[in-house]
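Open the model in your viewer and keep the selection tool at hand.

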Amino acid sequence: MNKKQGPAVNNSNYNLEKLSSFDRGTHGWSKIYKPDRYRFWKDSADLQKPRISRGAGLSYAAASFLDESISISHSNFNRLIEFDKKNNLIRVESGITLAELFSYLELNGLYLPIQPGYSQITIGGCIASNVHGKNHARDGSFINQIQAITLFHPTHGTLEISPDHEKSVFDLTCGGFGLTGHILFATLKVQPIPAKCVLIQKIPFESAEEGLSLLNKQALDCDFSYSWHDMCNGVSDHFGKGFICQGKFVSATNTEEEIPEDSFLIKQYSLFNKIPISLLNRASSFILNKLYYHQQISELSENIPLYNALYPIQKNLIYFGLYGQQGFHEYQVVIPDESLSIFLEKLHQFLKRYPSCISLASGKSFGGKNSLLRFTGKGTCLALNFPRDNQSPNLLRFLDQLTIDTGSLPNIIKDSRISAGIIDQCYPEAELFRAQLRAYDPKRLFRSELSERLSL
Amino acid sequence: MIVGASAGVGRALCEQVAQQRSPLMLVASDLEDLGILASHLRIKYGVQVDILAANAKYGNEFIKKVVEFGVGNAKLDCIYFPIGLSLENDQIDLSTDETSLIFEANLTVVVGIINQITQHLLKQPSPLIVGFGSIASIRGRRNNMVYSAAKRGLESYFESLGHYASLTSLKIQFFKLGYVQTQQSYGKKLLFPPLSAENAAKLILEKRGEKYLNTYLPRYWGIIAFILRFIPWAIYKKINF
């Protein structure tokens with residue numbers, strides 16, 4: 001990583017750094033400012049280039065940088081501002097991570113039900129991507145637990161936005177990929193923790209269709225609900241064999257250890273993702289998936305700490321490192337109920353004909369209604385992970401077309417190469433989003449590689 | 001009390017002291033930054049936090065406000081001075097106003113406050129005053145000329161303070177900071193990896209029991225300082241920094 005000193009903005013220097021999307025599919029050189037005082041935001045109007053906020057930088061797509069542009073890190077804005085115990089509301093700076101917030105809330109017997117599976121993601125990142133948790137069908141997505149946001153835009157100044165005030169800007173901001181301005185603060189609705197322990201029960205199934213159908217049936221009765229599938233062996237009759245994880249809060253003792261410290265896991269991940277080749281290929285994924293399946297179903301129920309239940313990716317972070325420098329693709333899509341069978345059948349047929357390394361496949365039950373560019377809608381959310389290699393373009397082309405043909409919705413934040421053309425065909429309100437964004441920010445001060453690629 | 005509390009080492013010290021459930025008095029120039037920091041510490045650690053927004057560029061007025069703030073608390077027994085200011089253009093042609101500003105923020109206000117508040121601190125059983133210098137003052141150089149002079153002056157004052165304090169219960173500590181992850185060092189090419197502000201604060205607090213301390217942080221800078229001082233002038237004058 002090369003560093004270069006740049007001109008200060010109100011005594012804030014910048015670093016010129018090469019940044020990458022988490023899937024390592026997109027790279028760019030950005031000037032990163034890392035302010036630690038609030039007067040920086042007002043002076044940021046002087047910045048001559050487009051800019052974008054940056055939280056933890058963990059988006060799979062390049063949502064927090066643009067080549068030869070400016071990223072502004074919120075890492076120093078990670079504090080608790082106000083806690084309304086009576087109404088279960090907490091106001092935080094947007095740079096606070098889920099882990100930092102969890103550690104405080106847990107002490108007070110509270111938590112955020114809707115969280116992604118990795119605790120180092122920031123609240124600002126959660127808002128900008130409108131992330132989902134472990135049970136979208138029951139709980140919805142992150143927007144459902146936002147009471148209010150304080151947003152800063154050099155032209156509009158500081159705006160207080162909520163579902164009741166400046167609603168159009170609020171709707172544009174939640175799942176708006178940081179394109180409406182810098183999210184400074186967020187007021188979040190938290191819930192009492194029902195219990196500190198979660199009973200995870202695993203229900204094996206023989207095929208993807210069987211598993212996903214069962215997943216959708218029981219999702220509303222669980223606190224946590226997702227499925228794991230082995231799609232590595234495309235020729236198998238048991239395509240997508242796997243298990244469902246159903247989690248319910250229980251008052252019991254943990255049988256699983258808490259996940260090791262983040263710094264240790266991050267070091268392991270950092271070590272592996274520098275390897276020039278992917279350690280995950282069809283052969284290794286086939287073996288690892290078999291081993292993982294048998295290891296998981298050897299214990300069909302266990303009590304785990306809430307932290308482990310909320311952040312399952314934490315202990316498996318090294319998995320993402322195994323893809324090496326080339327990185328990976330994640331294709332995550334919400335498939336309408338009526339298209340699920342045909343989607344799975346066509347996918348199976350394709351993989352029989354063109355064997356590919358699907359190293360990880362997982363499912364969640366989804367609900368709600370799609371609007372603007374938010375990844376929501378009624379159906380089944382299926383995520384497929386595979387290495388970035390010579391075969392992946394073919395698989396991606398197929399998945400793009402299958403998504404369009406089945407009326408499915410691809411997740412923009414999970415795909416660093418998806419095109420504007422695909423998005424326009426899948427998101428009915430894509431053009432509405434563009435129009436509203438241009439009306440709000442005609443100069444388009446906030447830009448990222450993602451926004452440029454999707455012509456937002 | 002932490003004078004210069006809202007960023008860098010000052011902010012990290014606030015967090016570490018609050019973790020120990022000690023009440024705090026914070027001084028910084030920006031009320032917004034200060035207010036947010038205070039809210040965070042109160043919520044997270046449940047400690048009492050009082051704040052004073054005052055700007056060191058107003059010299060005497062700043063000293064007066066901080067002293068009044070400190071004396072107003074009968075239990076005040078410890079003051080940290082991570083306050084400081086450096087300017088990018090601190091070279092031979094620095095203006096008089098900017099020269100005064102650097103001396104004010106790094107030296108004059110610290111001396112002024114200590115001179116007026118020490119008697120109040122001595123009412124406590126084991127008071128402590130902590131000052132912060134810089135590796136910039138190891139030896140004179142063509143960049144950061146005034147800043148390094150101010151910090152060298154501050155070190156001299158703290159030595160004198162230590163001499164005075166040896167006859168009292170007052171503890172005096174002076175940390176000459178090497179590279180620390182702050183706005184000052186961000187984006188700069190550094191010879192060594194910087195210490196995080198959090199780790200710097202932890203190391204500083206570990207020493208709070210010591211009667212008198214004048215040390216580098218990280219400590220390996222002591223060796224570098226020794227070498228730098230003995231480089232022959234014929235060679236030293238060619239180093240550009």
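This is a predicted model: local features need pLDDT of at least 70, side-chain atom pairs count only at pLDDT 80 or more; totals for chains, interfaces and linings use all residues.

Select A:Arg54 to begin; A:Arg54 sits in strand β3 (residues 51–54) of chain A. Residues are numbered from 1 along each chain as its sequence is written, chains are lettered from A and ligands numbered from 1 in the order in which they are written, and side-chain values use heavy atoms, with hydrogens and water left out.

Is A:Arg54 buried or exposed? A:Arg54 counts as buried, at 13% relative accessibility. Buried means under 20% relative accessible area, exposed over 50%, and partly exposed in between, with a 1.4 Å probe and protein chains only. Now show what surrounds this side chain. Leaving out residues up to four places away in sequence, A:Arg54 touches A:Leu19, A:Ile32, A:Ser64, A:Phe65, A:Ser71, A:Ile72, A:Ser73 and A:His74; contact means heavy atoms within 4.5 Å. Draw a distance to one of these, A:Phe65: the C-alpha atoms of A:Arg54 and A:Phe65 are 7.4 Å apart, and the two residues are eleven apart in sequence.

Next, select A:Asp23, in the loop between β1 (14–20) and β2 (27–33) of chain A. A:Asp23 is buried, with a relative accessible area of 1%. Which residues does A:Asp23 contact, leaving aside its neighbours within four places in sequence? They are A:Tyr60, A:Gln326, A:Gly327, A:Phe328, A:Arg388 and A:Ser416.

Move to A:Asn88, which is in the loop between β5 (80–84) and β6 (89–93) of chain A. The point to check is the backbone: phi of A:Asn88 is positive, about 55°, although A:Asn88 is not a glycine.

Then select helix α14 (residues 430–440) of chain A and colour A:Ala430, A:Phe433, A:Arg434, A:Leu437 and A:Tyr440, which are buried. Looking down the axis of α14(A), the buried residues fall within an arc of 135°, so they line one face of the helix. The arc is that of the directions from the helix axis to the C-beta atoms. An α-helix has 3.6 residues a turn, so residues three or four places apart point the same way. What covers that face? The cover over the buried residues of α14(A) includes β8 (146–153), β9 (157–161), α5 (167–173) and α13 (420–426) of chain A.

Zoom out to the whole of chain A, which has 15 helices and 19 strands. The radius of gyration of chain A is 21 Å, close to the 23 Å that the globule rule gives for 456 residues, so chain A is as compact as a globular protein of that length. The radius is taken over C-alpha atoms, and the rule is 2.2 Å times the number of residues to the power 0.38. Of the 456 residues of chain A, 60% count as buried. Among contacts in chain A between residues at least 6 apart in sequence, 73% join residues at least 24 apart.

Switch to chain B and select B:Arg21, in the loop between α1 (8–19) and β2 (24–28). B:Arg21 is exposed, with a relative accessible area of 52%. Phi of B:Arg21 is positive, near 65°, in a residue other than glycine.

Where is B:Pro218? B:Pro218 lies in the loop between β7 (212–217) and α7 (221–230) of chain B. The bond joining B:Leu217 and B:Pro218 is a cis peptide bond, with omega about -5°.

Finish with chain B as a whole: eight helices and seven strands. Its radius of gyration is 18 Å, close to the 18 Å that the globule rule gives for 241 residues, so chain B is as compact as a globular protein of that length. Buried residues make up 55% of the 241 residues in chain B. The C-alpha trace of chain B spans about 55 × 40 × 35 Å along its principal axes.

Definitions and conventions:
Helices (H or I, at least four residues) and strands (E, at least two) are DSSP runs, numbered from the N terminus.
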